[in-house]
Amino acid sequence: MRETHEATAEPSLTAQVRQEWARFRTRGRMIAVAAAILVTVLLGLLHAITLGGGSHCGDGPVEVPCPTDPAGPHGQAVSDTFYFVHRPLGENGSITVRVTSMTGIITYPPPDHDEIVPGLVPWAKAGVIVKDGTAQGSSYAALMLTGAHGVRMQHDYVHDTAGRAGGVSAEAPRWLRLTRSGDTVTGHESADGTRWTRVGTAHLAALPETVRVGLFVTSPGDLTLRQVALGASLPEARFTQATATFDHISVEGGTSTGTPAGTPADTSADASANGWSHGSVGEMGHTDWEKYHRAAGLVESNGAFTVTGTGDIGPSGTEGGHPVESGLVGLAISLIIVLVVAVRFTTAGHRPDVTGVAPLTGRALAAKAIVAGAVTFLAGLVSAVVVVTAGPDILRANGLGVIPVPALTGMRVVAGVAALLAVAAVLALALGALLRRTWAAILVAISTVVLPYLLAVLPLLPDDTARWLLRLTPAAGFAVVQTIREYPQVVAHYAPSAGYHPLAWWAGLAVLCGYAAVVLALAGSRLRRGVPASGPLPRWR
């Protein structure tokens with residue numbers, strides 16, 4: 001015999017979405033959503049205004065704009081400071097040198113912090129370079145010796161290719177050669193000047209007919225980490241300087257006349273009689289060490305060039321300005337508001353212990369997720385557009401630097417903030433349906449989404465613990481706001497407290513989406529099973 005029963009037809013998903021949208025549009029929820037937008041916008045703009053109001057660079061009575069990092073060929077913020085001995089080079093030509101020594105100093109490193117010690121930081125650099133002029137941020141390709149990473153070929157700040165490992169000494173010199181053919185620059189190294197090994201090739205778009213070619217030396221700051229309460233680490237940077245000696249210098253394909261390289265050179269920063277020019281790219285010479293002990297520059301002796309410099313050539317971190325996401329200081333508070341609204345939207349109006357009130361169904365849960373996700377996505381979009389566009393303008397107007405990012409990256413941050421709020425709202429909504437207790441769902445949502453983020457980005461926990469929190473919890477979704485990148489050829493404090501998330505933006509968002517999908521599926525499964533008839537009906541609070 002076929003079993004039959006009466007059932008009320010459930011409305012379609014479209015109709016259900018309309019019903020849930022009508023339920024969502026209460027005065028209290030709309031005020032809460034508006035509050036989430038205002039918190040992000042007002043705190044973001046206040047942050048920019050507060051930073052700008054205190055900006056003052058220089059020792060004089062007149063305020064001058066604070067220096068910013070230059071922009072590289074692709075618009076990214078870069079460091080571009082080094083001492084440069086150079087001359088013109090045509091469309092086809094090469095430079096060959098022998099490096100016989102590379103030394104340096106590090107000022108006041110731990111543990112005693114009371115003396116200047118000899119030594120090279122791992123990414124101190126000395127070698128040969130082809131560069132599109134002497135302006136900071138211009139395109140380049142360089143072949144170099146480093147303090148601890150052997151021979152490297154780098155170009156346009158973000159590209160790095162490893163050559164042979166090892167250092168240099170008078171007994172074991174290293175030969176370097178860069179060859180230009182149009183827009184292509186190739187680097188070779190040799191131990192004896194006879195047998196050459198290719199290190200890498202760089203393609204530099206739209207190089208002019210004449211570029212600058214020559215010798216360079218630079219040395220970035222020394223970085224150590226000081227542990228504070230609960231195991232967190234705070235970075236400490238110190239001035240360093242590197243010196244390298246070059247001989248057997250030869251240039252083929254130069255565009256100017258003059259005596260060959262290796263003849264006595266005028267040590268002024270202007271063009272010397274033998275066709276070489278030299279000077280610093282970027283500013284240096286401001287430290288007491290440079291003023292009273294060893295200044296950056298060029299010394300020529302018996303055909304050898306000894307070059308001393310400081311700084312770095314490579315991608316920049318946050319030292320030269322504020323990232324565009326720095327204004328999103330109110331995002332965590334806005335997210336808490338969104339989580340509370342989403343949980344209460346699930347539990348309100350669905351109390352199965354009340355006569356005449358329909359219990360929550362799987363289709364109703366899906367409709368609620370669509371409504372909550374759409375509303376919070378739009379709220380995040382509005383708030384992020386205002387903060388990401390107006391915040392940097394306020395900082396620049398007040399003389400502060402902003403790290404430049406490509407337009408697509410800025411758009412990704414805006415869309416990422418909106419997606420973060422929307423997916424977090426769906427997760428909270430699903431927790432409400434699964435746990436069926438308003439207070440419990442709110443507590444779990446905040447504890448898994450917001451609290452791990454705050455513990456990670458505040459300098460409280462050890463760096464490794466903070467990284468794992470942002471890998472394994474739903475707080476990984478905050479990676480969508482990050483614009484600064486980690487580069488192996490740049491020494492920096494790559495920790496959440498310094499703005500570096502351990503996952504790429506898409507991977508962090510994927511972790512959050514995974515949590516939301518799993519919890520939503522569990523909640524839907526529980527709703528399909530229904531409530532056992534023999535037991536008391538749960539109260540939704």
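Helices here are DSSP runs of H or I, at least four residues, numbered from the N terminus. Helix α7 itself covers residues 438-449, and its 12 residues reach 16 Å from first C-alpha to last, close to the 16 Å expected at 1.5 Å a residue; that expectation is 1.5 Å times one less than the number of residues.

Keep in mind that this is a predicted model, with local features needing pLDDT of at least 70, side-chain atom pairs counting only at pLDDT 80 or more, and totals for chains, interfaces and linings using all residues. Residues are numbered from 1 along each chain as its sequence is written, and side-chain values use heavy atoms, leaving out hydrogens and water.

How confident is the predictor? The average pLDDT (per-residue confidence, from 0 to 100) is 87, and 87% of the residues score at least 70. Over residues 257-273, though, pLDDT is below 50, and this stretch has 30 contacts in the model beyond near neighbours in sequence, a contact being heavy atoms within 4.5 Å. Residues 531-538 also stay under 50, with 10 contacts beyond four places in sequence.

Technical notes
Helix = DSSP H or I, 4+ residues; strand = E, 2+ residues; numbered from the N terminus. pLDDT = per-residue confidence, 0-100.
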